[in-house]
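Good morning, and thank you for making time for this item.

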Amino acid sequence: MTIRLYDTGARQIRDFTPLVPGCVSIYLCGATVQAAPHIGHIRSGLNFDILRRWFTHRGYDVTFVRNVTDIDDKIIAKSAAQNRPWWAIGYENERAFNDGYDVLGCLPPTYEPRATGHVPEMIEMMRVLIERGHAYASDGNVYFDVRSFPEYLQLSNQDIDDLRQPSGEGETGKRDQRDFAMWKAVKPGEPYWETPWGPGRPGWHLECSAMAHKYLGSAFDIHGGGLDLVFPHHENEIAQAKAYGDEFAEYWVHNAWVTMSGEKMSKSLGNSVLVSEMVKHWRPIVLRYYLGTPHYRSMIEYSEEALREAESAFGRIEGFVQRVIELAGHTVEPADEVPPAFAEAMDDDLGVPQALAIIHTTVRQGNSALAADDKEAAVARLAEVRAMLGVLGLDPLDAHWTGAGAGGDGPDGRESLHGVVDTLVRLVLDQRESARGRKDWAAADAIRDRLQQSGLVIEDGPAGPRWTLGPR
């Protein structure tokens, strides 16, 4: 049993060997909370939720840290534009992100630190770096001297002479334009914290280096984030942390983007699709299937057609689950182990598409058992399917999706609504059965046609009629 992951720094798939046997430590760059999340934002959290679940299934004790960047140029700009406190904007959107993670079934992190809660750790890190000659203060700013760190740019594989470092307004006093800001001098009307080098606020990169050290120590297993963070964010994190004396992350794992018309989904492009709006039109479990089943390193080109295909594919899985439960007459618990082929796919760089193919194959085998009236085989296949779906966070019988646990299926309690609809549909189906019982076939067919026109699919089986939502 060896889990293998693509390491961005090594540019190859590596066997995973934890620093502490039996334990896995993960730091994921979380939200910058200047706006509510679109599905591109949430994809990262979802991909790493699946990775975490797989490590847990394999018997590891996982510590999962996902930070919140609650002070940032964009948050401050929105504060000024909306004439609202910066912290109010940050907290409002932090809650929106957490709602998005929860509605799509992501497990809460072990720790979720906010940047503004860790300024003392940032000041200490800057003090050490200045003492060691890796950083310097100028005009109230503190900069990292990139040429003082020979390993700089190894993650992104760039040449320092060709480097174009992004810079923000007010970053004056640099010795070299390639140097990056760790601390930004205060500007009129902006929030600030006192430091030995003057009042100001943290730079983006410093926040994560300090928080990773605080919660995971000088060395940890996996640092994750979106592909767009490789440079400058993760490159600058490495420089700060290692120059400070940390070994930092052993593996660097990056997920790809959600795109629209070939471009990365982002607020600035005006092509974002908010999670809060998406779950009004698509069941959250279907949205999780859509975002979570492509390989984490592959781009997802957003389209409603692709979402409809995901809905249809997941509907086939759900239909099988429901039919076996009806046949068995009781809940079928997940198997203790997943099939070996599924485990092999997941071990190989989190090969969810290959693992999903095993699920669909098992569903087809289960449907064949149902057709042959082989109850024992159908129940066995369902137990396997539930075990596999559980790893992906997609088990429709899990308490999260049935509404029996915290969260339910959606922020508006849509599974409770499902129960209400089921009761109403059952009343109509009872009328149809009564019509069939008195051989009034015209009335029975008319009822069925009206239900289908409303978007429901009616199937007649040994246990009686059952309904599902039809394709869009």
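Lysine 174 is buried, at a relative accessible area of 12%; buried means under 20%, exposed over 50%, and partly exposed in between, with a 1.4 Å probe and protein chains only. This is a predicted model, in which local features need pLDDT of at least 70 and side-chain atom pairs count only at pLDDT 80 or more, while totals for chains, interfaces and linings use all residues. Residues are numbered from 1 along each chain as its sequence is written, and side-chain values use heavy atoms, leaving out hydrogens and water.

What surrounds lysine 174? Beyond its neighbours within four places in sequence, lysine 174 is in contact with Tyr136, Tyr143, Ser167, Asp179 and Phe180, contact meaning heavy atoms within 4.5 Å. A polar atom of the lysine 174 side chain also lies 2.7 Å from the backbone oxygen of aspartate 179.

I turn now to the cysteines. The structure holds 0 disulfides, a disulfide being a pair of cysteine sulfur atoms within 2.5 Å. For cysteine 29, the nearest cysteine sulfur belongs to cysteine 208 and is 3.8 Å away. Cysteine 29 counts as buried, at 9% relative accessibility.

Finally, confidence. The protein averages a pLDDT of 91, and 93% of the residues score at least 70; pLDDT is the predictor's confidence in each residue, from 0 to 100. Over residues 405-413, pLDDT stays under 50.

Definitions and conventions. A polar contact is a pair of N or O atoms within 3.5 Å; within protein, one must be able to donate a hydrogen and the other to accept it, and residues adjacent in sequence count only if both atoms are side-chain atoms.
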